[in-house]
Amino acid sequence: FTDDASRAALAAALEASAGDLRRITLRDCAMEDDGVRAVCKVLAATAVGLERLDLSGNDATPQAMPAVALAVKYKSRLSYLALEDNAVKSAGAAVLAAALDPERHAALETVVLAGSEIGSAGAMAVARAVAGLPAFKMLNMSGNEITEDTVAEITELLGEERVNLEDNDGDEEDDEDEEIEEDPELNELSEMLATKAKV
């Protein structure tokens with residue numbers, strides 16, 4: 001899925017069958033930001049019964065994370081979310097964290113963000129978000145850029161049995177914010193879904 005035509009074809013195929021989709025695995029598809037955004041916009045508007053979403057290894061950056069966040073924001077049956085081996089970074093992790101809600105995500109058990117260039121600020125945002133989820137079992141943020149102090153803080157917050165924070169060697173200076181560009185189409189979709197959720 002390295003060109004616009006193949007990404008569009010994938011998005012169209014998902015849209016055609018999204019009403020019945022429960023599990024979506026698109027690992028290592030080289031979709032990059034444009035492909036991930038296209039797929040997630042479709043999922044946001046459809047796939048109400050989505051239970052598992054795996055978009056690992058797609059070279060996605062923080063710029064794609066608002067679309068991912070919207071894709072899962074209203075998925076009450078979601079139990080598994082994986083985005084490992086992407087350049088999520090702290091900015092993207094914070095966006096994802098803001099989409100998680102204890103009432104809407106009562107079924108969410110596992111979040112995998114290993115090897116995603118996430119620093120301490122983003123890691124802490126995700127940890128705080130999942131800490132309040134009633135069914136949550138495992139947060140995997142191994143191989144990121146989280147400082148030793150933050151690893152200890154997250155472990156205390158969630159408990160050793162609910163985290164994997166191996167191979168983190170972060171430096172506070174590396175945890176820089178990245179500005180995420182506005183997407184008017186995504187904003188419009190977000191407003192529409194928020195309105196529907198209130199009905």
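The structure is a predicted model, in which local features need pLDDT of at least 70 and side-chain atom pairs count only at pLDDT 80 or more, whereas totals for chains, interfaces and linings use all residues. Residues are numbered from 1 along each chain as its sequence is written, and side-chain values use heavy atoms, with hydrogens and water left out.

Of the 199 residues of the protein, 50% count as buried, where buried denotes under 20% relative accessible area, exposed over 50%, and partly exposed the range in between (1.4 Å probe, protein chains only). Among contacts (heavy atoms within 4.5 Å) between residues at least 6 apart in sequence, 84% join residues at least 24 apart. The protein contains seven helices and six strands, these being DSSP runs numbered from the N terminus (H or I, at least four residues, for helices; E, at least two, for strands). Read from the N terminus on, the order of elements is α-β-α-β-α-β-α-β-α-β-α-β-α.

The six strands form an open sheet in the order β1-β2-β3-β4-β5-β6, with parallel pairing, two strands being taken as paired if DSSP finds at least two bridges between them. Strands β1 (23-25) and β6 (163-164) stand at the edges and have a single partner strand each, so that one side of each is left without a neighbour in the sheet. Within the sheet, β3 and β4 (residues 110-112) run parallel and are joined by three bridges, and Leu-81 has Val-111 in β4 as its bridge partner.

Helix α3 is largely enclosed by the rest of the structure, because seven of its nine residues are buried. The buried residues are Met-65, Ala-67, Val-68, Ala-69, Leu-70, Ala-71 and Val-72, and their cover includes α2, β2 (52-54), β3, α4 and α7.

The largest pocket has a volume of about 240 Å³. Of the ten residues that line this pocket, Val-48, Tyr-74, Leu-193, Lys-196 and Ala-197 are the closest to its centre, and the elements that give two or more residues to its lining are α2 (32-45) and α7 (184-198). Helix α7 gives the most to this lining, with three residues, and by class the lining comprises seven nonpolar, one polar and two charged residues. In this classification Ala, Val, Leu, Ile, Met, Phe, Trp, Tyr, Cys and Pro are nonpolar, Asp, Glu, Lys and Arg are charged, and the others, Gly among them, are polar. A pocket is defined on a 1 Å grid over the protein atoms alone as an open set of points, for a 1.4 Å probe, with protein on both sides within 12 Å along at least five of seven lines, and lining residues have an atom within 4 Å of a point; grid points are joined across faces, edges and corners, and a volume is the space filled by probe spheres set on the points.

The second largest pocket holds about 170 Å³ of space and is lined by Pro-66, Ala-69, Leu-70, Lys-73, Val-95, Ala-98, Ala-99, Leu-186, Asn-187 and Ser-190. Two or more lining residues are given by each of α3 (65-73), α4 (89-99) and α7, with the largest share, four residues, coming from α3. This lining divides into seven nonpolar, two polar and one charged residue.

Several residues in or beside the loops were examined individually. Glu-84, in the loop between β3 (80-82) and α4, is buried, with a relative accessible area of 17%. Not counting residues up to four places away in sequence, Glu-84 touches Arg-27, Ser-56, Gly-57, Val-112, Leu-113, Ala-114 and Ser-116. Arg-27 lies in the loop between β1 and α2 and is partly exposed at 32% relative accessible area; neighbours within four places in sequence aside, Arg-27 is in contact with Asp-54, Ser-56, Asn-58 and Glu-84. The C-alpha atoms of Arg-27 and Gly-57 are separated by 5.7 Å, although these residues are 30 apart along the chain.

Asp-28, found in the loop between β1 and α2, has a phi near 55°, a positive value in a residue other than glycine, and counts as exposed at 58% relative accessibility. Lys-89, in helix α4, likewise has a positive phi, of about 60°, although it is not a glycine, and at 30% relative accessibility Lys-89 counts as partly exposed.
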